[in-house]
Amino acid sequence: MRIDVVTIFPEYLRPLELALVGRAAARDLVDIHTHDLRQWTHDIHRTVDDSPYGGGPGMVMRPEPWDGALREVCERDPSRRPRVVVPTPAGRPFTQSYAAELAAQDWLVFCCGRYEGIDGRVVDAWADDEISIGDYVLAGGEAATLVIVEAVTRLLPGVVGNAESLTDDSFAHGLLEGPVYTRPPVWEGRAVPEVLRSGDHAAIARWRRDEALLRTGRRRPELLERVDLSERDRSVLAR
Ligand code: SAM
């Protein structure tokens with residue numbers, strides 16, 4: 001997958017060179033390019049913003065630099081068109097299934113807004129997706145882009161060593177994952193649940209399912225409405 005990010009703070013995207021995403025890029029599993037929006041300004045101050053029509057506080061990102069950037073970035077390969085993503089608190093909520101939808105694309109372009117956001121005409125002309133990472137307001141689209149790119153990249157084939165860990169993740173089956181433990185078997189007087197040390201794989205799988213159901217029921221009961229629950233699941237939840 002190719003990912004382009006257009007921003008006025010290219011340095012902000014440096015974490016994409018680290019850890020899981022950085023390793024995926026080093027192995028050519030994802031190809032990430034960051035672009036400074038100010039490259040597409042034509043005045044001495046390299047201005048990207050102006051005051052909002054209709055008045056009010058703050059500034060709005062001007063359309064011309066964005067249009068110049070998107071034409072150049074998106075039209076670099078005339079044989080295909082990327083999916084253009086604009087992070088915004090007014091967007092479609094980002095979820096694990098949305099991450100999987102984006103992971104199936106072969107090219108994503110992220111437009112990082114700042115100030116009061118990007119001129120609405122650019123968004124109308126270019127955006128395929130407007131995505132919110134949660135009901136709060138960040139100072140810019142860069143942190144949202146980092147979140148989306150990391151969630152998408154870990155779903156790309158070969159990025160996570162053991163693909164089974166993806167199927168056990170929270171949300172993979174609509175449930176939160178239950179607690180996890182490692183050595184030592186007893187820490188500060190707290191023992192690891194006996195079943196996890198039993199070697200009985202069927203019993204372990206049942207215990208994990210039960211813990212996932214109970215945790216989801218306690219913390220995010222609304223998620224259960226979309227899960228196909230068996231009779232056994234229902235009896236666990238009724239305990
Ligand atoms: N005035 C805008 C509003 O209320 O919708 C908020 C603008 S915010 C200060 C600047 C930029 O941060 C936005 O254009 C967007 O790119 C990004 N942003 C802020 N919160 C976000 C969120 N929850 N999800 C995705 N992007 C967000």
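Strand S5 (83–93) and helix H5 each place at least two residues in the shell around the ligand. Keep in mind that this is a predicted model.

**Stop 1: the ligand.** Select the ligand and its surroundings. The shell holds 19 residues, and those that come nearest are Pro87, Gly113, Gly117, Gly141 and Ala144. Colour by class next: 10 residues are nonpolar, 7 polar and 2 charged. Which element gives the most to this shell? Strand S5 does, with 4 residues.

**Stop 2: Ile133.** Move to the loop between strand S7 (129–132) and helix H5 (141–153), where Ile133 sits. Is Ile133 buried or exposed? Ile133 is buried, because 20 C-beta neighbours lie inside 10 Å, and the cut-off for buried is 20 or more. Show its contacts beyond four places in sequence: Pro87, Phe94, Ala144, Val147 and Ile148.

**Stop 3: Gly134.** Step along to Gly134, which is in the loop between S7 and H5. Gly134 counts as exposed because it has 11 C-beta neighbours inside 10 Å, where exposed means 12 or fewer. Compare the pair on screen: Ile133 is buried, whereas Gly134 is exposed.

Conventions: Residues numbered from 1 in each chain as written. Predicted model: local features only at pLDDT ≥ 70, side-chain atom pairs only at ≥ 80, totals over all residues. Contact = placed C-beta atoms within 7 Å. Near = placed C-beta within 6 Å. Nonpolar A, V, L, I, M, F, W, Y, C, P; charged D, E, K, R; others polar.
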